[in-house]
Amino acid sequence: RVELGPDWNALGPAWKLQNGKLCARGARNKGIWLVRRLPVNARIEFDAFAESPDGDLKAELWGDGVSGATGNSYTNATSYLAILGGWKNTKHVLARLDEHGDDRLEFDVDKGSDDERARAVSPGQAYRFKIERADGKTLSWSVNNVEYFDLADPEPLTGAGHEHLGFNDWDAPVCFDNLKITPL
């Protein structure tokens, strides 16, 4: 199809379908939310593509489905944020409510590292994200079958205001495809 359709709530004009993929550039943390609700426990899988060396592949998990950044810094998210190649491809981050928070889990990108988790995002390569929550409180995030982070949340984001999946972007061109959500 050529239109996003009623299953998506785009917070700005940056979000479009291109060659069958959901793509954006310059969304400035005004993401796009799936209108359908997520179960508390689910496996969320999708392919993400960076279209530049800047990376910045970002998903929001268990958010409110309507919010985006209200300033230059996205410190008021309603979700968990999984970011591969953020900050111009210098960090991989799993955060809760604030992508800049002191409590975020992160890897610094190190081009010389043997650890796959420290590698930069490559333009045009497909990255298969898998995020799972099976016990109502612990998020597990892997990319291309390599586990990046486990986040045990003592105050899990569940219930009203924490039921949606979103994709996000700051400035770099990015695309997402092949979304699959499995209740657990």
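These legends go with a few close-up views of one predicted model.

Local features here need pLDDT of at least 70 and side-chain atom pairs count only at pLDDT 80 or more, while totals for chains, interfaces and linings use all residues. Residues are numbered from 1 along each chain as its sequence is written, and side-chain values use heavy atoms, leaving out hydrogens and water.

View A. Rings of Phe, Tyr and Trp (its six-membered ring) pair up if their centres lie within 6.5 Å; planes under 30 degrees apart are stacked, over 60 edge-to-face, and the rest tilted. That rule gives 11 aromatic pairs. Phe 107 belongs to strand β9 (residues 105-108) and Tyr 148 to strand β12 (residues 146-152), so the pair ties together parts 41 residues apart in sequence. Strands are DSSP runs of E, at least two residues, numbered from the N terminus. Ring pairs also link a cluster, including Trp 8, Phe 107 and Tyr 148.

**View B. Two charges sit over rings: Lys 21 over Phe 49 and Arg 28 over Trp 170.** To count, NZ of Lys or CZ of Arg must be within 6 Å of the ring centre and within 35 degrees of the ring normal. Lys 21 is 4.0 Å from its ring centre; for Arg 28 it's 4.5 Å.

Definitions and conventions
Helices (H or I, at least four residues) and strands (E, at least two) are DSSP runs, numbered from the N terminus.
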